[in-house]
Amino acid sequence: MDSSTMSCFHLGASQLAISTFQQIKRPSLGLQNLLIRCLCNHGLYQDLLCVYMKSRLSDDFTFPFVIKACAALGDAKIGKEVHGVVIRTGFEQNLVIQTTLVDLYARTECVEVARQVIDRIPQPDLIPWNALIAGYSSNGFDWEALKVFRKIVFSDLKPNLSTLASIVPVCTRLGCVNAGKSLHCFAVKSGFLSNDFLVPALISLYAGDGDLCGARDLFDSVGDKSIAVWNAMISAYTQRQEPVLAFELFRLMLLVNIRPNLVTFVSIIPSLESFTCLSLGESIHACVVKHGLENQLPVVTALVSMSAKLGCIDESRYLFDQMPSKSLLLWNSMISGYVHNGLWDLSLGVFCEMQVSRVGVDAVSIISILSACSKLEADLLGRSVHAFSIRKGIHSNLNLSNALLAFYSDCHLLSYPIKLFHKMPLRNAITWNTLISACVHHGELEEAVALYYQMQKEGFKLDLVTLTSILPGCSEEENLGQGMAFHGYAIKHGFASDISLLNSLISMYCNCGDLHAGRLVFETMPERSVVSWNALMTGFKNHDLQNEVIAVFSQMIRDDQRPNYVTLLNLLPACYTQLQGKSIHALAVRAGILHETPLLSSLMFMYARFDNHDSCFLLFQTRKIEDISLWNAILSVQIQRKSSENAVGFFTSLLRIGLEPDNVTLLNLVSACAQLNSLILSSSVMSYIIRKGFDKDLAISNALIDLHSRCGNIYTARKLFDELVKRDFVSWSVMINGYGLNGNGEAALDLFLQMKLSGMAPNGITYLSVLSACSHSGLVEQGRAVFKSMAEHGITPQMKHYACMVDLLGRTGNLTEACDIVRGLPCKPSTSLLESLLGACRIHGSVELGEKIAGLLSELDPENSRPHVMLHNIYAAAGRWTDADRVRSRIEERSLRKVPGFSLLMGN
């Protein structure tokens, strides 16, 4: 029977051997093991598992073949069951079985279990260590793979060809080129270099370091080149963005009559994406057909990916649909193709089709879907995907864990990535950089800096990505020292010449107020990109140094640096005349960047600033009507020019064409309602906001509280305030201000006390609201106490705070104290402050003080008629008609005009 079984396999009749075996009622264990060995040797792993599962006979000879089959099929579930049988039958200490178990768990992404198995082997030989290195490498745990390799070397085990084939790609990915070169020398010394499998890995090593010459020298040094060596060199050129060299080598390969295989085409097809030329892709496709590889899944997968990245997503879908049998990689390519083209919903649809087809997903599938969920801001769906990955047992994949960190960060759920980070058994530099960037993005600089130091303590090298991720968090004056420390670290470790890092440093210094240091970094740069110029211009613009912005732009043009739309965004606020703005508009047209929405919006604001509303509206009409950002811009322009009725009209128009407003749109609409002071319109807008779910947006809720307060509906305003789940200082400030506007100073003070008791620290705006409320209600003592408490909380009073105190004291007849405040001001008094005091002089009949204040106002603003009119009224109230007539004559002589009044309430 044994010889018959062997004969069947020699004749290629494996199914006959299996059916003959199954007809035997009680086959011996030896016969079963023979069949299992033959099936394993011929790669018939599924049949092997069927034979084993039916008989359940096993010994120390059976298990290695069965476990090997599980590893080849990637079936961790059955593999774990077999492992359980191994433990129950007492074969756990068998070295061969332990070695195959390490290989099983390493191949099925259970590298932690693989490590546990190998740790139980008293003296493991090279084979299980090689399996563990391969597992770490394939699952992205490169540093762990390198640590295992070091352990092999220090254990006096001599690395073999399999060891080098696994560890050289690890050196490539980690950038450990010197270590890789040492391994190259070791391979030459050991006689391994003649092996086709190792030479391609070494070519990739040199290419990964950017040393294409070294890779080409190695390629040329090989005499009789196999197809694998050709493919490695072509792939190296493709990966290093050298498509022309890749094609030249491909042509040379054809000229020397080397027949390309599917790996060749998989290597050359991605380079077409750099050409962005579909005709070249069609030519290669024809070459694929010529060589009979058009039905090969890897080639079709590469063609699907290429077409998608060239924007021909329909071509990709056609190729995808033509394949009767689809691999996991093909499904993943179609999903990522839709994601690449921004078709997030369609990518989710393909993922659902994939589940219906019962194709097992991997980490790549989940990563693509998480990207779609991030773009759609579908946090609930993303959490479901996370749960799905846990159920499928692939959540421990490092790349997937990193993608989950990024997803939760994009969905503004910072607590989730922090929890996930602390649960991760293994981390790489991407893990740290992703979380640091998330903390910075959410304004948690202290957490980001703590992670930065923890990363160093755990032995991870800080790279450029780490530094460029954390520097944006240093955006306040108090962060300057921290930013300088990062700069020092960059200089010490040789990163200071990187242009991206230098751009981040310019922004950091400018944001922290050290413009001189930012300029110095800019001036010492060996080369500058447009981002460098923009960073410096943005710094000057943010500090209102408009002349400096123009000077930097002029230098930029002299240095032949082509501006982009960000440059013009910085330049537009610096325009002193409409002619300058039109020049920038013309430059945008010539540069072909007028289509950028932020630039269009900024141009609209520029024309509105110079009251050229026709040009503003013309720009609005020339662009895509579906762009909500431009609708937001035109609404904002109408509100700025006090044309709130037009703003409401534009909002109605955007609803009519089926465009969905965003939170900025609704903030503009609420501002328009506040200008109109219409209770009916305000109630309608609030109903719309609640129906659309925007009432959960804190900024919109704060705006609604302010709106109802200004319309006199203080009850609704307080109800909205009480229903807020979360409150910021704006919430408290607008509600306090609302009570002040409605003359309820006591309620404003009570709310101010509640704010402090809640742990929310008041800022300058809050104090302004409280002082205004005291002023409207005549609460002098309380106002004095609030004003004095500002210093206790470390807040320096601004002109508006002094104006409120002067208004409060003036209203209540404390003119002497009000004058003392004016005399003690650290700077010149504002016009509004003096007018408030002059009004108090009229109310309380203080003629002498009124004359002095009116004189100061005339010096500050000679063309302002209000102080003259108020002084006339003071003289008239005191019965000094001669003086009153003199002031009236002066008004007429200077042709001063009184601004006409208007109603703040809109009639129904």
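## Ring pairs and salt bridges in a predicted model

Phe 421 and Trp 432 are both buried. The model they belong to is predicted.

**Aromatic pairs.** Across the whole structure, a search turns up 23 aromatic pairs. One of them joins Phe 421 to Trp 432. The geometry is edge-to-face, with 4.9 Å centre to centre and 75° between the planes. Phe 421 belongs to helix H27 (residues 415-423), while Trp 432 belongs to helix H28 (residues 429-441), so the pair ties together parts 11 residues apart in sequence.

Rings also gather elsewhere. Tyr 452, Tyr 453, Phe 486 and Tyr 489 form a cluster linked by ring pairs.

**A charge over two rings.** What sits over the ring of Phe 721? The charged end of Arg 727 does, 4.3 Å from the ring centre. The charged end of Arg 727 also sits over the ring of Trp 732, at 5.5 Å from the centre of that ring.

**Salt bridges.** Side chains of opposite charge can pair when their charged atoms come close. In this model the count comes to 15 salt bridges.

| Pair | Closest N to O distance |
|---|---|
| Arg 519 and Glu 548 | 3.9 Å |
| Asp 559 and Arg 528 | 3.9 Å |

Take the salt bridge between Arg 519 and Glu 548. The pair links distant parts of the chain, 29 residues apart. Arg 519 is in helix H33 (residues 515-523), and Glu 548 is in helix H35 (residues 546-558). Arg 519 has 23% relative accessibility, so it counts as partly exposed. Glu 548 is partly exposed too, because its relative accessibility is 33%.

Next comes the salt bridge of Asp 559 with Arg 528. Here the linked parts are 31 residues apart, and both partners are in loops. Asp 559 lies in the loop between H35 and helix H36 (565-571). Arg 528 lies in the loop between H33 and helix H34 (530-542). Asp 559 is partly exposed, with a relative accessible area of 41%. Arg 528 is partly exposed at 23%.

How are these residues linked with Glu 523? Arg 519, Glu 523, Arg 528, Glu 548 and Asp 559 belong to a network of salt bridges.

Is Ser 775 buried or exposed? With a relative accessible area of 3%, Ser 775 is buried, because buried means under 20%. Ser 775 has its place in helix H48 (residues 764-777). The side chain of Ser 775 makes a polar contact with the side chain of Asp 807, at 2.4 Å. Leaving out residues up to four places away in sequence, Ser 775 touches Cys 804, Asp 807, Leu 808 and Arg 811.

Technical notes. Residues numbered from 1 in each chain as written. Predicted model: local features only at pLDDT ≥ 70, side-chain atom pairs only at ≥ 80, totals over all residues. Heavy atoms only, no water. Phe/Tyr/Trp six-rings, centres within 6.5 Å; stacked < 30°, edge-to-face > 60°. Helix = DSSP H or I, 4+ residues; strand = E, 2+ residues; numbered from the N terminus. Buried < 20%, exposed > 50% of the residue type's maximum accessible area, 1.4 Å probe, protein only. Lys NZ or Arg CZ within 6 Å of the ring centre and 35° of its normal. Polar contact = N/O pair within 3.5 Å; in protein donor to acceptor, adjacent residues only side chain to side chain. Contact = heavy atoms within 4.5 Å. Salt bridge = Lys/Arg side-chain N within 4 Å of Asp/Glu carboxyl O.
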